[in-house]
Amino acid sequence: MKDYTEEDLQVLVSTQHLKEDKDVQDLLEKMNMKSHYLIINQSEESKISNPYVISRKEKGLSKSRNQAIQFSDKEILLLADDDVRYASDYAKTIAKYHNEYEDDILCFYVESKNKNRPTKRLKTRKSRFFKSNANCVI
């Protein structure tokens with residue numbers, strides 16, 4: 001089994017309406033992005049020069065996530081929404097849990113700061129391909 005590090009992680013972000021490089025930088029800061037990333041930006045117009053941002057006119061979350069997976073280049077992929085802010089050690093935590101479990105898919109929780117949308121936890125699943133760790137928050 002491979003010993004994963006933070007360098008093996010790529011966050012795949014689906015978003016809309018980023019028009020300039022400053023918009024990308026603002027999003028990365030808002031999300032507290034500390035790892036490799038790939039952003040699929042659904043936008044009619046874009047002047048972004050960042051090579052890790054792919055702008056498309058197509059709409060739809062599933063389309064943008066599928067495109068992100070298609071163009072990803074790391075071994076650990078994290079599907080992300082653009083309204084999430086990660087803890088500073090998220091990349092290290094994710095690599096640690098991928099080393100601990102030998103499953104293809106792990107489920108992590110992001111604590112909600114919005115009282116109208118509290119954090120929901122799945123019941124722990126025991127499956128060959130899916131682990132849910134109710135104690136792991138990124």
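Colleague: Which residues have the most contacts inside the largest nonpolar core?

Modeller: This is a predicted model. Its largest nonpolar core has 26 residues. Those with the most contacts inside this core are L9, V11, V13, M33, I39, Y86 and Y90.

Colleague: Which element gives the most to this core?

Modeller: At least two core residues come from each of β1, α1 (21-31), β2 (36-42), β4, α3 (90-100) and β5 (105-109). With five residues, the top contributor is α3.

Colleague: What does M33 touch, not counting residues up to four places away in sequence?

Modeller: M33 is among the residues with the most contacts inside the largest core. Leaving out residues up to four places away in sequence, its partners are V11, V13, L28 and Y90.

Colleague: Where does L12 belong, and what stands opposite L12 in β4?

Modeller: L12 is in a second, separate core of five residues, which also includes L38, I40 and A68. Strands β1 (residues 9-16) and β4 run parallel, joined by six bridges. In β4, the residue opposite L12 is L79.

Colleague: Is L79 on the covered or the uncovered face of β4?

Modeller: Strand β4 spans residues 76-81. I76, L78 and A80 form its covered face. L77, L79 and D81 form the other, so L79 lies on the face that is uncovered.

Terms used: Residues are numbered from 1 along each chain as its sequence is written. This is a predicted model: local features need pLDDT of at least 70, side-chain atom pairs count only at pLDDT 80 or more; totals for chains, interfaces and linings use all residues. Side-chain values use heavy atoms; hydrogens and water are left out. Buried means under 20% relative accessible area, exposed over 50%, partly exposed in between (1.4 Å probe, protein chains only). Helices (H or I, at least four residues) and strands (E, at least two) are DSSP runs, numbered from the N terminus. Two strands pair if DSSP finds at least two bridges between them. A nonpolar core is a set of buried Ala, Val, Leu, Ile, Met, Phe, Trp, Tyr and Cys residues joined through side-chain atoms within 4.5 Å. Contact means heavy atoms within 4.5 Å.
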